[in-house]
Amino acid sequence: MKKVVTYIILTAFLFGTMEIALKIAGSTFDSIQLTFLRFLIGGLVLAPFGVAEIRKDNIKITKGDWLWLLLVGIMGIAISMLAFQIGVQHCNASTAAALICLNPLFTMVIAHFFTSEKMDKAKGLAFFIGIVAAVFMIRPWDVQPGNTVFGMGTMLLASVTFAAYTVMGKKTIGRIGTFAQTSISFILGSLVLLLVLIPMGRPVFAHITEQPLVLLYCGIVVTGLGYLFYFLAIRFSDATTGSIAFFIKPAIAPVLAVAILGEHVYWNTIVGIVLLITASVITLRDTWSTEDPEIEKTELEVREGLEVE
């Protein structure tokens, strides 16, 4: 249990620094370029674990799987994470961190329509509280300094599309493997962005020498190690327990935003974060209380598939 707690805390801290690191890096790198670089690096960091997973479980990836993983990468990286980067550049880091953490609530809604995971009263209540949290964080009646309607709208788009990415990934992750699917989708998604960068004449590798440490932190530490610790938390517990990291993240990011970026955290952001954590706890309790043997069996199979020799 101590190992799980350690992985969750590490994941939450690294993910909690994401918006701050990207905001700093965004002052030097083009948004598409930065998203391309960090997920290419992150995918390569996870690749050895993916290769070990494929060899250990003798996984066969078909042409259809490659096409599906390309679509997963486009949704998660080329659309969601690009929108995320643009959103970070146009709103406060603390607001961005809270809005992206709405994605588990959007995941419930999308899963209701496209999978066998249906909404119930508890999930409905959690979603309603999450929407109220978003309203407080956006504060449409008086947008706080540092936030823009465009930035927060783009961040909500990132949250919804990341939820779609999550639901899409669930369809094949048990068969292809968590590390394998994630590393492949990261690399394929980043290569799609490369195909966007080149014809647009945007920089690909320019400015790397200007902020190499920030880029390496975004690619290796936040994206590579962040997801690695997240998957290790799942490996030694389950997906629901691992997701606690996303519930802790909104509480960490504002503190770091104040300390590092000098941002001001307003009362509405605090209220929104408290409501978001409340919605997350309701979701967590509901998931734990409604798990059945089949779900537990599936989670066990996924955890076994994550083991790396």
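F186 is buried (under 20% relative accessible area, with exposed meaning over 50% and partly exposed in between, for a 1.4 Å probe and protein chains only), at 0% relative accessibility. The model is predicted, so that local features need pLDDT of at least 70 and side-chain atom pairs count only at pLDDT 80 or more, whereas totals for chains, interfaces and linings use all residues. Residues are numbered from 1 along each chain as its sequence is written, and side-chain values use heavy atoms, with hydrogens and water left out.

The ring of F186 pairs with that of F39, the centres lying 4.9 Å apart and the planes at 85°, so the arrangement is edge-to-face. Rings of Phe, Tyr and Trp (its six-membered ring) are taken to pair if their centres lie within 6.5 Å; planes under 30 degrees apart count as stacked, over 60 as edge-to-face and the rest as tilted. This pair links distant parts of the chain, with F39 in helix α3 (residues 31–57) and F186 in helix α10 (residues 178–200), 147 residues apart. Helices are DSSP runs (H or I, at least four residues) numbered from the N terminus. F39 is also buried, with a relative accessible area of 1%. Twelve aromatic pairs are present in the structure, and ring pairs join F39 and F186 with F15, F49, F179, Y227, Y230 and F231 in a cluster.

A helix–helix contact involves α5 (residues 93–100) and α8 (residues 149–170), whose axes come within 8 Å and cross at roughly 30°. Axes are lines fitted to C-alpha atoms, for helices over the stretch in contact, and angles run from 0 to 180 degrees between N-to-C directions. The two helices are therefore roughly parallel to each other, a class that comprises angles under 35 degrees. The crossing of α5 past α8 is right-handed, that is, the near helix is turned clockwise from the far one by less than a right angle. Contact (heavy atoms within 4.5 Å) is made by T95, A96, L99 and I100 of α5 and by M152, M155, L156, A158 and S159 of α8. By class, these comprise seven nonpolar, two polar and no charged residues; Ala, Val, Leu, Ile, Met, Phe, Trp, Tyr, Cys and Pro count as nonpolar, Asp, Glu, Lys and Arg as charged, and the others, Gly among them, as polar.

Positive phi values occur in two loop residues. N58, which is not a glycine, has a phi of about 50°. N58 is located in the loop between α3 and α4 (63–89) and is exposed at 53% relative accessibility. For H207, likewise a residue other than glycine, phi is near 75°. H207 lies in the loop between α10 and α11 (212–235) and is partly exposed, with a relative accessible area of 31%.

Terms used
Parallel < 35°, antiparallel > 145°, perpendicular 65-115°, else oblique.
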